[in-house]
Amino acid sequence: MIPTGKLYGWLLLGLAIAIPMGILWPQKLLTISLILLGYDGLILGLAAWDNQQTTQRRVDVQPQPVHRLAINRDNPIVLTVRSGYFPADLQIRDGYPPELEVSTPTLNARLSSHDTQELTYIVRPHQRGEFLWGAIQVRQLSPWQLVWHSWKIPADRTVVVYPDLIGLRSLSIRLTLENTGSIRRAKRLGTGTEFAELRKYDIGDDLRFVDWKATARRGQPMVRVLEPDLEQTLIILLDRGRLMTARVKGLTRFDWGLNATLSLALAGLHRGDRVGVGVFDRQIHTWIPPERGQHQLNHLIERLSPIQPVLLEPDYLGAVTALVNQQTRRALVVLLTDLVDSTASAELLAALSKLTPRYLPFCVTLRDPQVDQQAHTLPQTVPATYARAVALDLLTQRQIAFATLKQKGVLVLDAPADQISDQLVDRYLQIKARNQL
């Protein structure tokens, strides 16, 4: 039972009357005090009775099931509230974990009799893992509005925060819409690696695809139609070492890298590739062999979601050596990490060079957008000038390292961490369209 302003108002009214009476008739101060106590007792008794009446009019609050949340996304949480024969004014606070950012800590609602409402608030997690939702705290205004009747609804439930599942859903829709058209376009242009069919020559077709033997047999020009090879292999190596523990735009680099890993895996599976993932630090922490099909994406999500970054220096050569032992056929090897300069990343450069020419190595680094902003902002103070000089030097050293990688035949993508997923998927689709693998 929580007093309202109205209850305090009635109690103060008795005190406001008693004080002047005590001043006017000091000889009757005891009598006035007893009257005030009786008045306060009556008001408090009415408040208790009012609270008891509310107990019989409690609303029903039910949380809608939520088992998965996506990191760094707005996830709606819905509570269904039903009233009985009487209207109700409510204040509801869900038992969400304090580590999560919420849009509205307390939900307010006014229901008429026999009414049902869905109350929604937004949860935005900034870290993965399992979180326990506690009991729901409900306050309902009493009929005479003297007290808030308060009680808890046991609703203990465990909710798991996964990588960016909402982004994966959007990407899946995009790839599904593009998939048919891209394959048809590839066939029409005669690009690809696998023979599909023969058709008559059309004006504008590439003469390199003319099948001269078929042309001689049929007496008219025939061209070979090729389609993309659906038996290619995509291996993703995700660094979980020291540099990946740094936070960028509210998430660790590893979280951005994990989101990009799953997005790239989804794109690869949509294109028919066999997709495998390795997570490493000083050694291979998790290895998921390449497979095709939707079940592989679900397997990747379940296996990779619990992994967290650690303060260890990664062993790039060890990771690449383990990959070479595991994967014998040619593959596109995408390594997601970060680098500082050519000197500090010498092992990374040596490891990626070891993959060429047997594999197609692709180095993907997650840049901090704040460094870009610092480098391109004109300084106004001496400390800001030094900070800009350091930022420019960091960017220059990165470009030198990337130039070295390109000279060794390594593909390179350096993008802000919060944009890495989209840019990586687009680059992968370009590689597939150009048959670089």
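Reader: What are the angle and the axis distance at which helix H7 and helix H8 pack?

Author: Happy to start there: H7 (residues 316–326) and H8 (residues 346–355) pack at about 15 degrees, with their axes 8 Å apart. Axes are lines fitted to C-alpha atoms, for helices over the stretch in contact, and angles run from 0 to 180 degrees between N-to-C directions. This is a predicted model, where local features need pLDDT of at least 70, side-chain atom pairs count only at pLDDT 80 or more, and totals for chains, interfaces and linings use all residues. Residues are numbered from 1 along each chain as its sequence is written, and side-chain values use heavy atoms, leaving out hydrogens and water.

Reader: What makes the contact between them?

Author: Contact means heavy atoms within 4.5 Å. H7 brings residues including Tyr316, Leu317 and Val320, and H8 brings Glu347, Leu348 and Lys354 among others. By class, the contact of H7 with H8 has nine nonpolar residues, one polar and two charged.

Reader: Why are H5 and H11 described as roughly parallel to each other?

Author: H5 (residues 253–270) and H11 (residues 420–433) pack at about 30 degrees, with axes 9 Å apart. That angle meets the cut-off, and therefore the pair is roughly parallel.

Reader: Which residues of H5 and H11 meet?

Author: Among them are Trp256, Asn259 and Leu264 in H5, and Ile420, Leu424 and Tyr428 in H11. The contact of H5 with H11 holds eight nonpolar, four polar and no charged residues.

Methods: Helices (H or I, at least four residues) and strands (E, at least two) are DSSP runs, numbered from the N terminus. Angles under 35 degrees count as roughly parallel, over 145 as roughly antiparallel, 65 to 115 as roughly perpendicular and the rest as oblique. Ala, Val, Leu, Ile, Met, Phe, Trp, Tyr, Cys and Pro count as nonpolar, Asp, Glu, Lys and Arg as charged, and the others, Gly among them, as polar.
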